[in-house]
Amino acid sequence: MKLRESGILLHISSLPSKYGIGSLGKEAYDFIDFLNESGCSIWQILPLNVTSFGDSPYQSPSNNGLNYYFIDLETLIKKGLLTKEEVESVTWFETEDRVNYGILFDNRLKILHKAFNRFDKAREDFKEFIINNPIYKDFALFMVLKDINHLKPRYQWEDKYKSYSLDLEKEIIKSYKDEILFYIWTQYEFLNEYKELKAYAKKKNVKIMGDLPIYVAYDSLEVWKYPSLFELDSARYPVNVAGCPPDIFSEDGQLWGNPLYNWVYHKETNYKWRNERINYCLKLFDYLRIDHFRGFSGYYSIPFKDTTARNGKWVKGPGFDLFKDKLDYPIIAEDLGMIDDDFIKFFNDCGYPGMKIVTQCFDNDDKKNIWRPSNYTYNYFSYSGTHDSQTTRQYIDELSKENKKLFLKVLEEECKTFRIPFVKDLTNEELTLKICELNIASASKAAILPLQDLFTIGKEGRMNYPSSLSTANWSWRISKKLFDKKKKELAQMLLRWNDNYQRSSD
């Protein structure tokens, strides 16, 4: 029998914590224990990149820069770099179930600077880290330049800083040595904590699944230092930017604003930068979900100066040529969105598992609907929902009376297929758990549940509203009180499902 797995989607930021945001500390270890006790073998997280304006891990100022907000303050106390009084004297959040990025912005770097000032910078392992990891020197250089320019985006910097040169790099490193070392230290500390956490996960038979955004931000180190990678004009402004065309959900489409890649240059360099990017991630993760995989087959290109996505056009991407030497990589392809024949061929040639979303199966009663769990095949990672969608409980809560009838009809049929008991007048909480169980019961290679769905959390648990700058985006956290209250009961339920449907954590 083929190995089938299960797991939970929960970003590190959403872990419980006394200090405003989830971290690589005790609560992360506790969550791994929860996965192990549940019979789950996958912890799926979102990108680990440091965030900037908008707080999105998909719009980072650095492709490789790791989010120093996730450094565990309790670990720094144990190392003697902070005192308990220093850490507890700060008010880190307004409500326990929300990250307040404004508070973090005001306070987190200040407390990390205190820890760095007490750190022994002459340590041999730190000096070796600096020598062996030049990518973090790049990250530090860019972050220091942002500080010098009062955190303005790169294209609003003083003229002397707007374009990269080796002379400028040397000047900044010489003049701001301590500041450069500080940002490198954040990466050193993050990776030390992360490696210990990952080793613990391996011991508990839990794999960590990371996430690689397809694009980088316009305000990023990569656009500043490596402009040849992108479609930029002579003034280093984008020629075209990324997004999605208009559809029934958005009459103007989605204008993401990321600069598009210069795929001609990438091909000439044998995709060196892209290969390094993927390989870097696979050193951190056991599985890697690649965001918007459809964009490698064909991508939507929008003129830079446009204010909507209406005037964009589809352009052919690098396709199979980019992945032909990576067919055995543990990659999951996000194959959602507008699909055409070119993409289907590209996707099939690569052979990576795609994604299925259970909540997409309830808009018709066609028993051949590919989104029905009864029609899933092995080469998929299936989900009750994603970080970009409503929580499953919210989806059910907001169904119209007419759509609720269709939903119940399809759900009952699917439950019967898998011999899952189904009775009339189930509460929305019970219906949410039926969808979770259907996902686990399906034939998919791995069944993933967002923690919000397992805990039947409604609208308040939504992680992201795509193409918006809502203050609710990326801020949801599970409260420690709620997690501790329900974790034992839910671990037992998940373990029962995993046993019943032969999903193994071995």
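**The second largest pocket and its surroundings**

Reply: In this predicted model, the second largest pocket has a lining of 29 residues, and those nearest its centre are N64, I135, E276, R277 and Y280. Several helices contribute to this lining: α5 (124-132), α6 (134-148), α9 (177-203), α10 (221-225), α11 (263-268) and α12 (272-284) are the elements that each give two or more residues. Among the contributors, α12 gives the most, with eight residues. The volume of the second largest pocket is about 700 Å³. Sorted by class, its lining holds 14 nonpolar residues, eight charged residues and seven polar residues.

By class, the lining of the second largest cavity comprises nine nonpolar residues, four polar residues and one charged residue.

In total, the structure holds four cavities of 30 Å³ or more. The largest cavity has a volume of about 150 Å³. It is lined by 18 residues, and T386, H387, P450, Q452 and M463 are the closest to its centre. Its lining divides into ten polar, six nonpolar and two charged residues.

The nonpolar interior may be considered next. In soluble globular proteins, nonpolar side chains tend to be buried together. The largest nonpolar core here has 157 residues, and F31, W43, W185, F293, F323, L451 and L454 have the most contacts inside it. The helix α9 provides the largest share of this core, twelve residues; α9 is also one of the elements that line the second largest pocket. For F31, the contacts beyond four places in sequence are with I8, L10, L15, W43, L451 and F483. Of these partners, W43 and L451 are themselves listed with the residues that have the most contacts inside the core.

Some individual residues complete the picture. S442 lies in the loop between α17 (428-441) and β12 (446-450). It is classed as buried because its relative accessible area is 0%, with the limit for that class being under 20%. A polar atom of the S442 side chain lies 2.9 Å from the backbone oxygen of N439. Apart from neighbours within four places in sequence, S442 is in contact with R4, P373, Y376, S382, F418 and R503.

Two residues other than glycine have a positive phi. H292 has a phi of about 50 degrees and is found in the loop between β6 (287-290) and β7 (298-303). H292 is buried, with a relative accessible area of 11%. For Q502, phi is near 55 degrees, and this residue is located in the segment after α19 (480-500). Q502 is partly exposed, with a relative accessible area of 48%.

Definitions and conventions: Residues are numbered from 1 along each chain as its sequence is written. This is a predicted model: local features need pLDDT of at least 70, side-chain atom pairs count only at pLDDT 80 or more; totals for chains, interfaces and linings use all residues. Side-chain values use heavy atoms; hydrogens and water are left out. On a 1 Å grid over the protein atoms alone, a cavity is a set of points where a 1.4 Å probe fits but cannot get out, and a pocket is an open set with protein on both sides within 12 Å along at least five of seven lines; lining residues have an atom within 4 Å of a point. Grid points are joined across faces, edges and corners, and a volume is the space filled by probe spheres set on the points. Helices (H or I, at least four residues) and strands (E, at least two) are DSSP runs, numbered from the N terminus. Ala, Val, Leu, Ile, Met, Phe, Trp, Tyr, Cys and Pro count as nonpolar, Asp, Glu, Lys and Arg as charged, and the others, Gly among them, as polar. Buried means under 20% relative accessible area, exposed over 50%, partly exposed in between (1.4 Å probe, protein chains only). A polar contact is a pair of N or O atoms within 3.5 Å; within protein, one must be able to donate a hydrogen and the other to accept it, and residues adjacent in sequence count only if both atoms are side-chain atoms. Contact means heavy atoms within 4.5 Å. A nonpolar core is a set of buried Ala, Val, Leu, Ile, Met, Phe, Trp, Tyr and Cys residues joined through side-chain atoms within 4.5 Å.
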